[in-house]
Each structure stands twice: as C-alpha cells, then as structure tokens.
Amino acid sequence: MAFTLYSLIQAAILCVNAVAVLHEERFLTKIGWGVDQSVGGFGDEPGIKVQLMNLVRSVRTVMRVPLIAVNSVCIVLLLLFG
Amino acid sequence: MDLPHHGYRASKQRGRAAPPAGDSVLFEDTSSAAPAMNNQGYYTPGYNMGGTSNDMQGGAGVNNLFTDPMANAAMMYGSSLANQGKDMVNKEISRFMSVNKLKYFFAVDTRYVLKKLMILMFPYTHQDWEVRYHRDTPLTPRQDVNAPDLYIPTMAFITYILLAGMALGIQKRFSPEVLGLCASTALVWIIIEVLVMLLSLYLLTVHSDLSTFDLIAYSGYKYVGMIFTVLCGLLFGSDGYFVALAWSSCALMFFIVRSLKMKILPSLSSDSMGMGSSAKPQLRLYITVATAVFQPIIIYWLTSHLVR
C-alpha cells in the first residue's frame, strides 16, 4: 500500500477524534474504565489497564480544544476541495 | 592552527575535532553547548578580529575590499544581521527538539560507520553489546561502537530512495511521482513504527533511557538491510533477492534483539523490587521480539515491488 503523509495525517486525526469522543460518565465508567476506578497500586506497578485509562483521559483533556480547530479546518477544506 | 582564541573556544578541545580553518569567521562551533547569548556584546569587535585575521590568511588580492571603510562596515553589519537571524532560528528550533541531543547522534567518523555497517550485516561475532557511559552521559558514537546514531539511517534512507528510483528505471516503470510516493511511504512506516514502540513502552511502564531519537535510529537501521537486498535482487535476479532477504533479516533480527535487550529487559537491575515488574518480563520480551519480527516483514513489503 502506498502511503502518503496526507493519509497519515488523516488517520491520526480520525484516531484522536475517536479517543476524544469517549464520554467519561456515560460510557467509560460503565465498562469499568473510569478514572476514579484506577486509584490504588502504589509503587511502580500501575498495570497496563491503568496506564491506558490515564492515556485516554490525558488525550481527551489535552486534545479537546485543538481538535475543535483541526476538525473545523478539515471540514472547510473538504467542503471546498472535495 | 591559528584560530582566533575566543573565550569559549578554549574549552572546546575535549572530544571534538576542530572545525576547518575556512569557516572560522562566520560559523563558530556551537556544539560545545556554550551560551552564545553572553557574547552578544562582543560580536562586533570579535568579528573585526576574525575578519582581519582571515584576511591575512586569505591572500593579498582581496585587500582592496577590506581597506574600504564602507564595505567593511557593511560587512560587519551584514554578519551581525546574519547572526541575529541564526540565533532566532536556533531558539525557535530548540523549543521543539534539543539540538545538542541531535548533534550527539551525528558525531560519527569513518571508522565507526564502517564497523557499524559490518555489525549490521554480520552481528554474530560481536561480543560486547553494552552502551558505554562516561559519568552518566552516554558516549558519542565516535567513541563507542554500540551507541546508536542517526547518520547511517539518514544516509541509508536517502540511498534507498535513489536505489528504488534506479530499480524502477531499469524496469522502465519510472516516473517522478513514484519517487516521492516511495519516499513518503517509507517515512510513514518509520513514523508508525516509532509511535507503536513509544506507545508500547509507555503502556508497560518501561523506564528505559530510550529517547525518541534512539528509536528512530534503531528503526532506521533496517534500511541498510533493504539496500543490500535490493542490490542483490537487481544483480542476481529473484533467487538472489530471496537469499539476501533471508540473510539481512536474520542479521537485523539478531542485531535488534541484542541491542534492545540491554535497554528494555530488566536483566541488569540488581536492585529491582521484588514485585516491581513481576508480571512484565515476558511482556517486555514480547515487545523486543515483536520489534525484531516486524523488521523482515517491512523489508519484504517495501522492496518486493522493486524486484519483480
């Protein structure tokens, strides 16, 4: 498959959007991935699941505002140029 | 060597080769991490010194230009402007990545490059795989053959693109867009691999000192194997391609496993806590082996369409 950098950017935007859409209290706590269920485990033994939950929460916190801008730009560009 | 002796230059003698005499005036050697901002007030007299001493070495023919005061003033002004621009660019770039760290990866010499290429192609006789340290900082590639560098991956990447263009041209399938497509495909695969490695190292809380540049270096070493495979495929046909593919895959897998084993697996932590990473050692092993197994797959993927 021949990748271009543009397809990499597209894939990255789609993945980050997918992570940002996961709602904290409607979805993540229901499946046991909420952030309040991750305390405990002192010492350097966080475990994969806790690390993943932390990663999801930090991606959502950090990328919320830039994603608004990036998505708007993408929408405008796709409308104009197909 | 009669270089102008500025204060920060005297401390440069530690490990690096001195710059050639030709560029002593305009480009001072900033790789010794000297604060250039402190010398802001000294630029004009410094460059006057540098200008006249260079002029004395430069030959009698250009003396007329430098005796003209207007041209002299213009040259000093121009060089100070260029310096301000250079400082601004450096400041902006150093916000994103540390340039000194990047300079560490390009501090190579011929002997290191030759030995590293030999190890990449035939790693089975190399005994000592440990990266040596010197007072808590890793040694530069010039002094330690196990240190990762970015020179070989960069050169191998460019050579691979040129070789791909040549291979396609031999088969009369060449067009300029294909070259760009090949380059961006290879670049995207590097980015994907580095991101997956970073993600897996983060998820398993592996506290190693592998920085992003180290990972880029280790994933860029496969281009040497790719170049070798494509060359053999072009010279010896399809059989030569598969033989070279098998050889370079095994060599590269051995190299990657031995190199990353030192960094990822906790075999040398004598004070590891009892249950610190108890559930993890096999996962770390899986990461190392998965990285190694990924290399032949990607070599095959990126070169099979070049050798039909």
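**A walk through chain B**

Lys172(B) sits in the loop between H6 and H7 of chain B. The model is predicted. In this model Lys172(B) is not a glycine, yet its phi is positive, at about 60 degrees. Lys172(B) is also exposed, with a relative accessible area of 75%. The cut-off for exposed is over 50%.

Chain B has 10 helices and two strands. Along the sequence, the pattern reads α-α-α-α-α-β-β-α-α-α-α-α. Chain B counts 308 residues, and 40% of them are buried. Take the contacts in chain B with a separation of 6 or more: residues 24 or more positions apart account for 72% of these.

Go back to H6, on one side of the loop that holds Lys172(B). Helix H6 of chain B covers residues 151-170, and it packs against helix H9 of chain B, residues 222-264. The angle is about 25 degrees, and the axes are 8 Å apart. Angles under 35 degrees count as roughly parallel. H6(B) and H9(B) are therefore roughly parallel to each other. The crossing of H6(B) past H9(B) is left-handed.

Which residues meet in this pairing of H6(B) and H9(B)? From H6(B) come Ile152(B), Ala156(B), Phe157(B), Thr159(B), Tyr160(B), Leu163(B), Met166(B) and Ala167(B). From H9(B) come Tyr223(B), Val224(B), Met226(B), Ile227(B), Val230(B), Leu231(B) and Leu234(B). By class, the residues of this contact of H6(B) with H9(B) are 14 nonpolar, one polar and no charged.

Charge turns up elsewhere. How many salt bridges does a search of the whole structure find? Over all chains, the search finds one salt bridge. Its partners are Glu193(B) and Lys222(B), with the closest N and O atoms 2.6 Å apart. Glu193(B) lies in helix H7 of chain B, residues 176-203, and Lys222(B) lies in helix H9 of chain B, so the pair ties together parts that are 29 residues apart in sequence.

Are the two partners buried or exposed? Glu193(B) is buried, with a relative accessible area of 7%. Lys222(B) is buried as well, with a relative accessible area of 3%. The cut-off for buried is under 20%.

Ile256(B) is buried, at a relative accessible area of 2%. Leave aside its neighbours within four places in sequence, and Ile256(B) is in contact with Tyr218(B), Lys261(B), Thr291(B), Ala292(B) and Gln295(B). Val289(B) is 33 residues away from Ile256(B) along the chain, and their C-alpha atoms are separated by 8.7 Å.

The other is Ser259(B), again in helix H9 of chain B. Ser259(B) is buried, and its relative accessible area is 8%. Beyond its neighbours within four places in sequence, Ser259(B) is in contact with Trp129(B) and Tyr218(B). Tyr218(B) is therefore a partner of Ser259(B) and also of Ile256(B), contact being heavy atoms within 4.5 Å.

H9(B) packs with H6(B). Helix H9 of chain B also holds Lys222(B), the partner of Glu193(B) in helix H7.

Notes. Residues are numbered from 1 along each chain as its sequence is written. Chains are lettered from A and ligands numbered from 1 in the order in which they are written. This is a predicted model: local features need pLDDT of at least 70, side-chain atom pairs count only at pLDDT 80 or more; totals for chains, interfaces and linings use all residues. Side-chain values use heavy atoms; hydrogens and water are left out. Axes are lines fitted to C-alpha atoms, for helices over the stretch in contact, and angles run from 0 to 180 degrees between N-to-C directions. Helices (H or I, at least four residues) and strands (E, at least two) are DSSP runs, numbered from the N terminus. Angles under 35 degrees count as roughly parallel, over 145 as roughly antiparallel, 65 to 115 as roughly perpendicular and the rest as oblique. A crossing is left-handed if the near helix is turned anticlockwise from the far one by less than a right angle, and right-handed if clockwise. Ala, Val, Leu, Ile, Met, Phe, Trp, Tyr, Cys and Pro count as nonpolar, Asp, Glu, Lys and Arg as charged, and the others, Gly among them, as polar. A salt bridge is a side-chain nitrogen of Lys or Arg within 4 Å of a carboxyl oxygen of Asp or Glu. Buried means under 20% relative accessible area, exposed over 50%, partly exposed in between (1.4 Å probe, protein chains only).
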